[in-house]
Amino acid sequence: MSHPTHSNTSGDHRAFDNTSKLVAIAIGVIAGVAGVVVGIVNPFMSNAASTEGTLIDDLFSITLGIATAVFVIVQGFLLYSIIRFGREEGDETDSVPVRGNTRLEIFWTVIPAIVVIFVGLLSYQVLADIERPRADQLTVEVKAIQYAWQFYYPDQDITTSELHIPQDRQVHLKLRSNDVIHSFWVPAFRIKKDVMPDRVTETYITGSELGEYPIVCAELCGAGHAVMRSQVVVESDANFQAWLASQGVA
Ligand code: CUA
């Protein structure tokens, strides 16, 4: 096989011409800017309405930030390699045989390991914080039935179809299903927990913003799955006590 002579060193003879490279870079820049804008504006997620939700959103932002940095670095190297080492037109020679690179392999094993351990420790810390019982904790038993939610307040011995909770007070939820597997989800609280027939699962919610937020079943549980909804009402302690009293009378 004959080696072509490199009389012309301009980029014109590369397999990727300059226009293609510029288009690729432009697409990358536009996608990058669009990603940052979507990340900041975030039209997909309402503001967290619970203390736990804020912690989880912060964790999500940190994880997304790390993932973005990794993506930009990896794609940057890829783009650089394509531009810098692209095959020149007419060059049919083999490239230099490469048999691994120990230093590089150690580098790309250790860095991801550190990142994963860091995110793991941070996640553990957030979970431990969420599940740490507070002194003024309120307990509510949640029962899932095809296709409705029931809430039982043991201290007052009342059952309701809507979950009311006082603002800024930790609520310990004990969940149990009457039939099949359901999933208790409050998107605004960033909390989702499976509800099972053979065991009690637990989770913690603390409503930080006054308002009404949807409770959704997030596990396909039968024909009525889509309508298995309720709502959680976060209200002032006075309103909560008044509501409890009104439920007791009924
Ligand atoms: Cu219950 Cu889906």
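Visitor: How many residues line the largest pocket?
Guide: Ala31, Gly32, Gly35, Val36 and Thr68 lie nearest the centre of this pocket. A pocket is an open set of points on a 1 Å grid over the protein atoms alone where a 1.4 Å probe fits, with protein on both sides within 12 Å along at least five of seven lines; lining residues have an atom within 4 Å of a point. The lining count is 31.

The model is predicted: local features need pLDDT of at least 70, side-chain atom pairs 80 or more, while totals for chains, interfaces and linings use all residues. Numbering starts from 1 along each chain, and side-chain values use heavy atoms, without hydrogens or water.

Visitor: Which helix gives the most to that lining?
Guide: α1 (18-41) and α2 (51-85) each supply at least two residues of the lining of the largest pocket. Helices are DSSP runs of H or I, at least four residues; strands are E runs, at least two. With 13 residues, the top contributor is α2.

Visitor: How many residues does α2 give to the lining of the second largest pocket?
Guide: This pocket has 13 lining residues, with Ile73, Val74, Phe77, Phe107 and Trp108 nearest its centre. Both α2 and α3 (102-130) supply at least two. The share of α2 is the most, at seven.
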